[in-house]
Amino acid sequence: MSAGARRRAGVLVSGAGSNLRALLDACAAPDYPAAVVAVASNRPGCPALALARARGIPVAAIPVGRVGGDPVRRDAELAAWLGEHGAELLVCAGYDRIIQAPLLERFRGRILNVHPSLLPAFAGGMHAVEAALSHGVRVTGCTVHLVDEGGIDAGPIVAQEAVPVLPGDTPDRLRARIHEAEWRLLPAALASLASGRLIQDGRRVRVGEGPA
Ligand code: GRF
């Protein structure tokens, strides 16, 4: 696919960046329908941002302290910066802040988030893996969903993959297997969004054959 035909995606990160890496690897395929054109973070020192920089992708870091502690101002700056880079889609790939109105408005219906549980179980926190283990579930997994105004980790579900909890699992072991599932799920979901194949009917989203 020619560079011009690919949908331009911005990515928000806060952590290690393994999901960003999975997205960038997917984008390397000639027929992948999206390209990562900008990566931004609330954490200037996070490894994910370093990865983007190393791959030559424009990066921005806006800690909320730099905008008077106002997350709406932060997201207004992020929206403007992503706009300057021509981003049409937005992916939260391990981003630990809540998306505010300026980003929701600019990217409405075009924001994906990945969460390490089978939503709506264990929503709304940074400890979904620990919570699943201590709750004693036999199956957990990961979810990619659209981000909207409806609350944290509550938007319409695009894709899910189940991951069994094994005897003797620790948070780290379980998290590692969930991560592997995320690296499949998130690039596939972005491809569906970028190629116009996500068909939304209220809360229900399905992946269609061709552009919606
Ligand atoms: C992932 O498990 C994701 O589901 C959650 O944060 C983690 C980020 O990992 N939102 P990484 O930074 O992509 O390695």
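## Helix α1 beside helix α2

Two residues are in contact when heavy atoms of theirs lie within 4.5 Å. In this predicted model, L20, R21 and L24 of helix α1 are in contact with A48, L51 and A52 of helix α2. Sorted by class, the contact of α1 with α2 has five nonpolar residues, one charged residue and no polar ones.

Two packed helices are described by the angle between their axes and the distance between the axes. For α1 and α2, which covers residues 47–54, the axes come within 9 Å and cross at roughly 25°. Angles under 35 degrees count as roughly parallel, so α1 is roughly parallel to α2.

## Helix α1 against helix α6

Helix α1 runs over residues 18–27 and also packs with helix α6, residues 171–194. Their axes are 9 Å apart, and the angle is about 45°. The two helices α1 and α6 are therefore oblique to each other. The crossing of α1 past α6 is right-handed.

On the α1 side, the residues that take part are S18, N19, A22, L23 and A26. They meet H179, E182, W183, L186, P187 and L190 of α6. This contact of α1 with α6 divides into seven nonpolar residues, three polar and one charged.

## Helix α5 against helix α6

Helix α6 has a contact with α5 as well. The axes of α5 and α6 come within 9 Å and cross at roughly 120°. As α5 passes α6, the crossing is right-handed.

From α5, the residues V129, E130 and L133 meet P171, L174, R175 and I178 in α6. Five residues of the contact of α5 with α6 are nonpolar and two are charged, with no polar residue among them.

## The largest pocket

Rolling a probe the size of a water molecule over the atoms shows where empty space is left. The largest pocket in this model has a volume of about 900 Å³. It is lined by 37 residues, and the closest to its centre are G94, Y95, D96, V114 and M126.

Which helix or strand gives the most to the lining of the largest pocket? That is α6, with four residues. At least two residues of the lining are supplied by each of α1, β5 (111–115), α5 (128–135) and α6. By class, the lining of the largest pocket has 16 nonpolar, 13 polar and eight charged residues.

## Backbone exceptions in two loops

Most residues other than glycine have a negative phi, and most peptide bonds are trans. Where does P120 lie in the chain? P120 is in the loop between β5 and α5. The peptide bond from L119 to P120 is cis, with omega near 10°.

F122 is also placed in the loop between β5 and α5. Its phi is positive, about 55°, although F122 is not a glycine. D153 is not a glycine either, and it has a positive phi of about 55°. The place of D153 is the loop between β6 (139–146) and β7 (157–164).

Note on methods
Residues are numbered from 1 along each chain as its sequence is written. This is a predicted model: local features need pLDDT of at least 70, side-chain atom pairs count only at pLDDT 80 or more; totals for chains, interfaces and linings use all residues. Side-chain values use heavy atoms; hydrogens and water are left out. Axes are lines fitted to C-alpha atoms, for helices over the stretch in contact, and angles run from 0 to 180 degrees between N-to-C directions. Angles under 35 degrees count as roughly parallel, over 145 as roughly antiparallel, 65 to 115 as roughly perpendicular and the rest as oblique. A crossing is left-handed if the near helix is turned anticlockwise from the far one by less than a right angle, and right-handed if clockwise. Ala, Val, Leu, Ile, Met, Phe, Trp, Tyr, Cys and Pro count as nonpolar, Asp, Glu, Lys and Arg as charged, and the others, Gly among them, as polar. On a 1 Å grid over the protein atoms alone, a cavity is a set of points where a 1.4 Å probe fits but cannot get out, and a pocket is an open set with protein on both sides within 12 Å along at least five of seven lines; lining residues have an atom within 4 Å of a point. Grid points are joined across faces, edges and corners, and a volume is the space filled by probe spheres set on the points.
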